[in-house]
2 protein chains.
Amino acid sequence: MRIAVIGLGLIGGSVLRAFARAGCDVSGFDADPRVRDAVAEAGFEVTDRDGCAAADVLVLAIPAPHLPSLLPSLSDFPGIVTDVTSVKTPVADAMKRYCPAVRYVGGHPMAGKEVSGFAASDASLFDGRAWALCLGEEVSRAQELDDWVTLADLLCRMGVRVVPTTAARHDDAVARISHLPHLLAAALTRTAAEPQALTLAAGSFSDGTRVAASDPYLVSAMCSANAEALHDALDDCLAMLDEARRKLTASRQDLAEWLTPASTARRAWPPRAGTSHTDAVTRDKLLHIGVVGGWVESVHDGRAEILWRVPGDSLP
Amino acid sequence: MRIAVIGLGLIGGSVLRAFARAGCDVSGFDADPRVRDAVAEAGFEVTDRDGCAAADVLVLAIPAPHLPSLLPSLSDFPGIVTDVTSVKTPVADAMKRYCPAVRYVGGHPMAGKEVSGFAASDASLFDGRAWALCLGEEVSRAQELDDWVTLADLLCRMGVRVVPTTAARHDDAVARISHLPHLLAAALTRTAAEPQALTLAAGSFSDGTRVAASDPYLVSAMCSANAEALHDALDDCLAMLDEARRKLTASRQDLAEWLTPASTARRAWPPRAGTSHTDAVTRDKLLHIGVVGGWVESVHDGRAEILWRVPGDSLP
């Protein structure tokens, strides 16, 4: 199973390192010759266009805005294509448009760093982290489930928690856990942006606003690519804050009751792995595991069986 | 100058340790005999009612809800009284009511921990942190400025940044930097509280929701004590989020422009100390230093002069 990673920045470089650490046959390509030199110097195999074309699995790790210019060149690729971008519906749509025959399975590793570039890449970046891996909204092609399991098997060897999902469910989730936090952090920073307040600010401000320091253009591109789901998430959040506003003027008890579900949920986070279950691979089973907050930890028996867990020991 | 600290939990215990480390003559009292034993075992002086009455400076470090029951017993105290509670207007009002003749100067150290109790106290908890120290809204008594400077001198020896402010300005600032983050963290947690989202959640969710795990009743008590200022802060934040909602549906450029002021402000945070300035102590000068984001670092020349700084080198 030959894997080729295209784009060797922070994420692509870390994917290359993590697959190499897991003993996989992996090579990488980057459009920038200086990056290719750095990758070769670090002891990894650098490949070319022909090498990528001969791979069994292609991991696209270039920024989302660059994907449309690359995709047409992949329309005849016979292997499995996956990617690592943070919003899945637009990529799935672009694949349908430019590469309708390609065996595409969208992916998204839930890990990152404040810094970018191959120099910041790290073989352990994804250890124990969730990696969303999408199934189509409807069964669109016969091989899809096999390809999903092939990728899940590779990713499990890398040590991640493979979360079965669909592009729409993924995009709704990241709107709430990743994109909305950026809007709240920015609004909080602007609400507190007054010299004396900034001098007095400590822990709760620091944590609540950390991601506000991100590049506004990158954040805007990410949020805009998921505008519809983010709009819904923001509306839900605004409705909650309106409720908090009313509770604040009502009574201390009312506000405490409003705060309690969040306190309970946050104390239970991050989800702790319960006992493992082994099951036959089916599309419905995988999607159900994802919906209940579970993940796949390994693939067995010639890829016919999965070992999966849910948080705690709450069997669905 | 004899200092007595009443209430030896996390904050009071840390105040006792920090004053002792700075070489001050300090003792402590706690209503709980087990706490007094632990404090004595740790090598600190434990005092009693008479010892507190004989102190020059009394630091009230008991929880805000317990203050009203203590204050009447202090009405004849001849020294300076300060406190460490997180909302200043209600304490100033209670002092006026129960101890109108007492030389009260409200204080609030901007530091804390997730854990409580003397066992968690730490002499370095306040190192380099801001400590708000209030002047009355109007000059209410002749000695106020002298008492403020006496306390500022002691606190500067402890290694904190003394921020001159008024109770109202302080309460407005903490509504924005401390109380609002709790409401946003709770709303964000509830908006994302769905099993798959919680399994996919990573850094931005983790930081943006950390304080949501706090005790809902303590947070509600804190927010309710500052309800008016928090209401205004929440309204400002809701207006910003409504603007973000419109920008999100407008254009990527519009959203990036909305995000930019927050990114600039957050990258400049925490404020870095500029060069120091020495000035004569006056009430107007102190309040001005606070308004422009500055702080007092030491008191000199028989308490006639202060050394102060503002963030960066931006002289007001």
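Tutor: Helices (H or I, at least four residues) and strands (E, at least two) are DSSP runs, numbered from the N terminus. This is a predicted model, in which local features need pLDDT of at least 70 and side-chain atom pairs count only at pLDDT 80 or more, whereas totals for chains, interfaces and linings use all residues. Residues are numbered from 1 along each chain as its sequence is written, chains are lettered from A and ligands numbered from 1 in the order in which they are written, and side-chain values use heavy atoms, with hydrogens and water left out.

Student: Which residue just after H2(A) takes a positive phi?

Tutor: At the start of helix H2 (residues 33-41) of chain A, a side-chain oxygen of A:Asp32 comes to within 2.8 Å of the backbone nitrogen of A:Arg34. Just after H2(A), a positive phi of about 95 degrees is taken by A:Gly43.

Student: What is the area buried between chain A and chain B?

Tutor: The size of an interface is often given as the accessible area lost when the parts come together. Buried area is that loss for two parts (1.4 Å probe), summed over both. With contact meaning heavy atoms within 4.5 Å, 91 residues of chain A are in contact with 91 residues of chain B. Carbon and sulfur atoms give 68% of the buried area, which is about 8300 Å².

Student: Why do the copies meet through the same surface?

Tutor: Copies are superposed by least squares on the C-alpha atoms of residues with pLDDT of at least 70 in both. A rotation of 180 degrees, with 0.0 Å of shift along its axis, superposes chain A on chain B (RMSD 0.0 Å). The two copies are thus related as by a two-fold rotation axis. They meet through the same surface because the share of interface residues of chain A that are also interface residues in chain B is 100%.

Student: Which helix gives the most to the side of chain A that touches chain B?

Tutor: Between chain A and chain B, 39 residue pairs are in polar contact, both residues being at pLDDT 80 or more. A polar contact is a pair of N or O atoms within 3.5 Å; within protein, one must be able to donate a hydrogen and the other to accept it, and residues adjacent in sequence count only if both atoms are side-chain atoms. On the side of chain A that touches chain B, the greatest contribution, 17 residues, comes from helix H7 (residues 167-191) of chain A.

Student: How many salt bridges does the rule find across the interface of chain A and chain B?

Tutor: A salt bridge is a side-chain nitrogen of Lys or Arg within 4 Å of a carboxyl oxygen of Asp or Glu. One such pair is B:Arg210 with A:Asp207, whose closest N and O atoms are 2.1 Å apart; another is B:Asp207 with A:Arg210 (2.1 Å, N to O). Across the interface of chain A and chain B, the rule finds a count of 4.

Student: Is A:Arg245 buried or partly exposed?

Tutor: A:Arg245 and B:Asp235 meet through their side chains in a salt bridge (2.5 Å, N to O). The pair joins two chains, because A:Arg245 lies in helix H11 (residues 227-250) of chain A and B:Asp235 in helix H11 (residues 227-250) of chain B. Buried means under 20% relative accessible area, exposed over 50%, and partly exposed in between (1.4 Å probe, protein chains only). At 25% relative accessibility, A:Arg245 is partly exposed.

Student: What is the relative accessible area of A:Asp147?

Tutor: A:Asp147 forms a salt bridge with A:Arg103 (2.8 Å, N to O). This pair links distant parts of the chain, 44 residues apart, with A:Arg103 in strand S6 (residues 103-105) of chain A and A:Asp147 in helix H6 (residues 144-158) of chain A. A:Asp147 is buried, its relative accessible area being 2%.

Student: Which residues does A:Thr150 touch, not counting residues up to four places away in sequence?

Tutor: A:Thr150 is located in helix H6 of chain A and is buried, with a relative accessible area of 9%. A:Arg303 belongs to a network of salt bridges with A:Asp153 and A:Arg157. Leaving out residues up to four places away in sequence, A:Thr150 touches A:Arg303, A:Met1 and A:Ile80.
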